Amino acid sequence: MAVSKVGVVGGGLMGHGITQICAQAGWDVVMREVDDDKVAGCVGKIEKQLARAVEKGRMEADEAESVRGRIEATTDYGALADCDLVIEAITEDLGMKLEMWKEVDSIVKEEAYFATNTSSLAVIDQAASTSRPDRFLGLHFFNPAQVMPLLEVVQTVTTSDDALKVGFEVGEKLGKTMVHAKDKTGFIVNRLLVPYMLDAIRAYEEGVGSIEEIDVAMKAGANHPMGPLTLADFVGLDTLASIGSVMFDEYRERRFAAPPTLRKMVAAGWYGRKSGKGFYHYSGEKPVPTELGL
Ligand SMILES: NC(=O)c1ccc[n+]([C@@H]2O[C@H](COP(=O)([O-])OP(=O)(O)OC[C@H]3O[C@@H](n4cnc5c(N)ncnc54)[C@H](O)[C@@H]3O)[C@@H](O)[C@H]2O)c1
């Protein structure tokens, strides 16, 4: 089945980006969020990005208008009914995702495909909760979805060859660089990247270096575009902690366990860039390291 209408559930950091790139690829997109404020937040972010693209000469004004016109943003699950593909990008919590699929599965047409953008949960647990585990796969985008080239196309034990093919066709239309990943917690990128970020937090706890020194060291010494603590703020500390805890549960290895500092920062509501404070403060012109008092 050819995809012409895409549903995106969740309009946060990832969901708004996925909504935007799908609309830019020419598909009609229905984005579902939990309340009107969240819907407005998602649409506002997309409109800002489109306006910036026009301002910088990367997009014509009428093209930006058509992209915006292809997006329907709503709190109504019912609007997803005739989507050919539904991609979920809601909070990284299996219970919440299963609840959401229960609603979506009962509403969306039988022949549609479902995909999860989870960073760490096993795809099979979501696939098996629906009536169409054969048409369920992982489509793991990276943040920001508008910029990052990679798409991990994840095949779980139930994913049919046809669904996998649809996943690759979708990635191709979006212009992504794709890798075929197996349904192993963390897939390829997070399996390697999450322990690295968590280890940077442990290095900070152990006094190996300050927040800035750790970031500067990895930028200048390993030629990384950003340091691991800046990257953690960018991913979202709540999301990083959830991913770490899921991976720790799965593998029982210390390298995946969230260090105490991360747990405390999340408890304090310091989620990184998206909440204005994490390892850095983001209220001024330049990020300033947070005094964590360790
Ligand atoms: N942050 C990253 O770098 C990153 C990268 C790749 C994948 N992911 C994955 O993408 C997913 C979303 O992460 P995020 O960083 O965008 O989180 P986020 O907290 O920015 O956004 C999650 C959004 O989901 C919404 N939501 C919750 N339940 C919902 C429901 N039933 N229906 C509609 N919306 C609902 C919330 O209101 C929130 O706006 C997670 O599974 C995460 O693991 C995150």
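Predicted model: local features only at pLDDT ≥ 70, side-chain atom pairs only at ≥ 80, totals over all residues.
Colleague: Which residues of H2 are buried, and what arc do they cover around the axis?

Modeller: The buried residues of H2 include Cys 42, Ile 46 and Leu 50. They lie on the same side of H2, because the arc that they cover around the axis is only 65°.

Colleague: Which residues are exposed on the other side of H2, and what covers its buried residues?

Modeller: On that other side, the exposed residues are Asp 36, Asp 37, Gly 44, Lys 48, Arg 52 and Glu 55. The cover over the buried residues of H2 includes H1, strand S2 (28–32), helix H3 (61–69) and strand S3 (71–74).

Colleague: Which residue with a positive phi follows H2?

Modeller: Phi of this residue is near 80°. The residue that follows H2 with this positive value is Gly 57.

Colleague: How many residues surround the ligand, and which are the closest?

Modeller: The shell around the ligand has 11 nonpolar, 11 polar and four charged residues. In total, 26 residues surround the ligand, and the closest are Gly 10, Gly 12, Met 14, Ser 119 and Asn 143.

Colleague: Which element gives the most residues to the shell around the ligand?

Modeller: Of the 26 residues that surround the ligand, two or more come from each of helix H1 (13–24) and helix H4 (94–107). At the level of domains, at least three residues come from each of domain 1 (5–182) and domain 2 (190–289). The element that gives the most, with three residues, is H1.

Colleague: What distance separates the centres of domain 1 and domain 2, and how many residues does each give to the contact?

Modeller: The domain assignment divides the protein chain into domain 1 (5–182) and domain 2 (190–289). Taken over C-alpha atoms, their centres are separated by 26 Å. The contact takes seven residues from domain 1 and 10 residues from domain 2.

Colleague: How do the residues on the side of domain 1 that touches domain 2 divide by class?

Modeller: Domain 1 gives seven residues to the contact with domain 2. By class, they divide into two nonpolar, three polar and two charged.

Colleague: Where does the cis peptide bond occur, and what is its omega?

Modeller: Pro 144 lies in the loop between strand S6 (136–141) and strand S7 (150–155). The cis bond joins Asn 143 and Pro 144, with omega of about -5°. Asn 143 is also one of the residues closest to the ligand.

Colleague: Is Phe 187 buried or exposed?

Modeller: Phe 187 is found in the loop between strand S8 (177–182) and H7, and its phi is positive, about 50°, although it is not a glycine. A residue with 20 or more other C-beta atoms within 10 Å of its own counts as buried. Phe 187 has 21 such atoms, and therefore it is buried.

Colleague: Is Arg 252 buried or exposed?

Modeller: Arg 252 lies in the loop between helix H10 (237–251) and helix H11 (260–267). Its phi is near 55°, a positive value in a residue other than glycine. Because Arg 252 has 9 C-beta neighbours inside 10 Å, it counts as exposed.

Colleague: Which residues does Val 189 touch, not counting residues up to four places away in sequence?

Modeller: Val 189 is in helix H7 (residues 189–205) and is partly exposed, with 15 other C-beta atoms within 10 Å. Val 189 and Leu 150 are 39 residues apart in sequence and 9.7 Å apart in space, C-alpha to C-alpha. The residues that Val 189 touches are Leu 150 and Glu 152.

Colleague: Within what arc do the buried residues of H8 fall?

Modeller: Ile 211, Ile 214, Asp 215 and Met 218 are buried in H8, and their cover includes H7, helix H9 (228–235) and strand S10 (288–289). The face turned away from this buried side carries the exposed residues Ala 220 and Gly 221. The buried residues line one face of H8 because, seen down the axis, they fall within an arc of 95°.

How values were computed
Residues numbered from 1 in each chain as written. Near = placed C-beta within 6 Å. Helix = DSSP H or I, 4+ residues; strand = E, 2+ residues; numbered from the N terminus. Nonpolar A, V, L, I, M, F, W, Y, C, P; charged D, E, K, R; others polar. Domains from an automatic or database assignment. Contact = placed C-beta atoms within 7 Å. Buried ≥ 20, exposed ≤ 12 C-beta atoms within 10 Å, placed from the backbone. Arc of directions from axis to C-beta.
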